[in-house]
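Please consult the display before turning to the numbered points.

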Amino acid sequence: MNLMAFDPGFNGGIAYSEVVRGGMTVSAIKMPTAGKEIDINAIADLIKEVKPARAVIEKVGAMPGQGVVSMFRFGMGYGQLLGCLAACGVSTELVTPQRWKGRVLAGTKKDKDAAISYCRRVFPSISLIPPRCRTPHDGIADALCLLEYGRRELEDRRFVQEVRLECNR
């Protein structure tokens, strides 16, 4: 099953897994942007290309100290992302940072560096450094961690369903 994960916002990222020829590929990119906003058309094109059965999105809210304009822009992009996924018929799951970090980054500081270290270890073939950049992009790392969270959750739910079926026989 194809899966997508989004670390929303202008500096966020998108990660996705696709089933191909019996195997699985994982890819990740920084959030597409156009000017000072996320590029919802590019995101819609990617969603149509990947055809995910499910999407995992970090559930976020206002952050202290952010300006009114930046929070409005962030909220607008977040809403566009949710609307785009709904319009494409993709089931979404909103997950708080505390929940996915507690599951995926257990035993670490659960900060940006921990996410980057985890991704370098688990997804060594995926570059966390976008073109024309020198440092790892934490939005890509967070999106990959969210993807891993979604994969684990789906496996756990399948296991529970299988156990229930066995018990009902």
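Predicted model: local features only at pLDDT ≥ 70, side-chain atom pairs only at ≥ 80, totals over all residues.

1. The largest nonpolar core. This core has 26 residues, and those touching the most other members are Val56, Trp100, Leu105, Tyr118, Cys119, Leu144 and Cys145. Two or more residues each are given to the core by strand E1 (3–7), helix H3 (97–104), helix H4 (112–122) and helix H5 (138–167). Helix H5 supplies the largest share, nine residues. As a general background, nonpolar side chains in soluble globular proteins tend to be buried together.

2. Leaving aside residues up to four places away in sequence, Tyr118 touches Val104, Leu105, Phe123, Cys145, Glu148 and Arg152.

3. Strand E1. Five of the five residues of E1 are buried. Leu3, Ala5 and Asp7 point one way from the strand, while Met4 and Phe6 point the other way; all are buried. The reader may note that the buried set includes Asp7.

4. Partners of E1. Strand E1 pairs with strand E2 (residues 13–20) in the antiparallel sense, over five bridges, and Ala5 has Ala15 of E2 as its bridge partner. The hairpin of E1 and E2 has five residues between the strands, and Gly9 in this hairpin takes a positive phi near 110°. With strand E6 (residues 54–58), E1 pairs in the parallel sense over four bridges. Here Ala5 stands opposite Val56, a residue listed among those of the largest core that touch the most other members.

5. Helix H3. Trp100, Lys101 and Val104 are the buried residues of H3. They line one face of the helix, because they fall within an arc of 95° when seen down its axis.

6. Most residues other than glycine have a negative phi. Arg132 is exposed, at a relative accessible area of 85%.

7. The whole structure contains seven salt bridges. In one of these, Asp138 pairs with Lys112, the closest N and O atoms being 3.8 Å apart. Because Asp138 lies in helix H5 and Lys112 in helix H4, the pair ties together parts that are 26 residues apart in sequence. Asp138 is partly exposed at 30% relative accessibility, and Lys112 is partly exposed at 36%.

8. Glu148 and its two arginine partners. The side chain of Glu148 meets that of Arg151 in a salt bridge (2.5 Å, N to O) and that of Arg152 in another (2.9 Å, N to O). Arg151 is three residues from Glu148 in helix H5, about one helical turn; Arg152 is four residues from Glu148 in H5, about one turn of the helix. Glu148 counts as buried, at 8% relative accessibility, whereas Arg151 is partly exposed at 36% and Arg152 is partly exposed at 22%. Both Glu148 and Arg152 are also touched by Tyr118.

9. A salt-bridge network. Arg99, Arg103 and Glu153 are linked in a network of salt bridges.

Technical notes. Residues numbered from 1 in each chain as written. Heavy atoms only, no water. Core = buried A, V, L, I, M, F, W, Y, C linked by side-chain atoms within 4.5 Å. Buried < 20%, exposed > 50% of the residue type's maximum accessible area, 1.4 Å probe, protein only. Contact = heavy atoms within 4.5 Å. Pairing = 2+ DSSP bridges. Arc of directions from axis to C-beta. Salt bridge = Lys/Arg side-chain N within 4 Å of Asp/Glu carboxyl O.
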